[in-house]
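Have the model open as you read.

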Amino acid sequence: MLAFLIRRVLQTIPTVLAVVLLVFVLFSVVPGSIVSSMSDDSDPQVELRMKKQFGLDQPVYMRFGTYIAGLATGDFGTSFRTREPVTTMIAKRAWPTLQLIFASMAFAVLIGVPLGFVAALRPGSLVDTVSMMLAVSGLSLAKFWLGLLLMYLFALKLGWLPSFGYGDGGLKYLILPAVTLGVSPMALLARTTRAAVLEIMTADFVRTARSKGMSETRVVKWHVMRNALVLILTTMGLQFGALMGQAVVVEKLFSWPGIGSLLVDSVLQRDIPAVQGSILVVVMFFLAINLLIDMLYGVIDPRIRYA
């Protein structure tokens, strides 16, 4: 396990470097810069001084090398706009984003997985048909439209929940954005769980367990559920990464002060260090979640070994 963990951590280094390099190159070729957006004076000397202040007068490869050297010490650079360390900016936004991501995934798992199990245990029934219709609808809904619909219904019409903002970080502010973000993974988990359970229910070891007189409850608990969890965990790991990307839309819609909204604002302002830091955190979160899922495989299924 330790050797596997070390190898996977080392494998993430090229991925992180590739992401950082891609962002550097992208913002080097895109027209416009932080200097042109901040300077009201067309004097070339003013722009030159600002470029020197931000280090933009250096070649791209030198700036890239400086940034990589800073990353090695945990320094993500300094924001062009606020002159604040990027690590400090991200630290302020990390907790709201984590709240939103984990609340959305909790909603998706608590609704989607049981829904998929019930549908698979009663294939062709009304429950199966209705649940799969809901799953298809959930996958088809645009998050921006769904968020507006929930805001209109629960905030404007019923007045039960606040329509936007973070407030004091309480649950009432979290419900609408979490549901908006969690509907799509909930639908996918329901479909994935149903497909996995249906496949396992026809497996030879399940038929053998039944022929030995094992009750249906024990068959489902000890054979079907445990084997289906491997595919469910894989889907959850992929959805965690997807949620980090999709949270950008939801955070802007609900004025949620997370990393996603920081990323959008930084892109619009050409604040390259903040963009790089935000993207890097998203990528590292995705890699960490997938590493955790890989390690959980061995806990769920002892037959899985780490070579």
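## H5 against H6

H5 crosses H6 in a left-handed way, where left-handed means the near helix is turned anticlockwise from the far one by less than a right angle, and right-handed means clockwise. Helices here are DSSP runs (H or I, at least four residues; strands are E, at least two), numbered from the N terminus. This is a predicted model, where local features need pLDDT of at least 70 and side-chain atom pairs count only at pLDDT 80 or more, while totals for chains, interfaces and linings use all residues. Residues are numbered from 1 along each chain as its sequence is written, and side-chain values use heavy atoms, with hydrogens and water left out.

On the H5 side, Leu115, Val118 and Ala119 make the contact, and on the H6 side it's Val127, Asp128, Ser131 and Met132 (contact means heavy atoms within 4.5 Å). Sorted by class, that's five nonpolar, one polar and one charged. For the classes, Ala, Val, Leu, Ile, Met, Phe, Trp, Tyr, Cys and Pro are nonpolar, Asp, Glu, Lys and Arg are charged, and the others, Gly among them, are polar.

As for geometry, the axes of H5 (residues 86-121) and H6 (residues 126-140) come within 8 Å and cross at roughly 140°. Axes are lines fitted to C-alpha atoms, for helices over the stretch in contact, with angles running from 0 to 180 degrees between N-to-C directions. H5 and H6 are therefore oblique to each other; under 35 degrees counts as roughly parallel, over 145 as roughly antiparallel, 65 to 115 as roughly perpendicular, and the rest as oblique.

## H6 against H8

H6 also packs on H8 (residues 171-201), with axes that come within 8 Å and cross at roughly 140°. That makes this pair oblique, and the H6–H8 crossing is left-handed.

From H6, the contact uses Asp128, Met132, Ala135, Val136, Gly138 and Leu139, which meet Val183, Ser184, Ala187, Leu188, Ala190, Arg191 and Arg194 of H8.

## The largest pocket

Now for the largest pocket, with a volume of about 370 Å³. On a 1 Å grid over the protein atoms alone, a pocket is an open set of points with protein on both sides within 12 Å along at least five of seven lines, whereas a cavity is a set where a 1.4 Å probe fits but cannot get out; lining residues have an atom within 4 Å of a point. Points are joined across faces, edges and corners, and the volume is the space filled by probe spheres set on them.

Its lining has 18 residues, with Phe54, Thr66, Tyr67, Phe80 and Pro273 nearest the centre. H4 gives the largest share, four residues.
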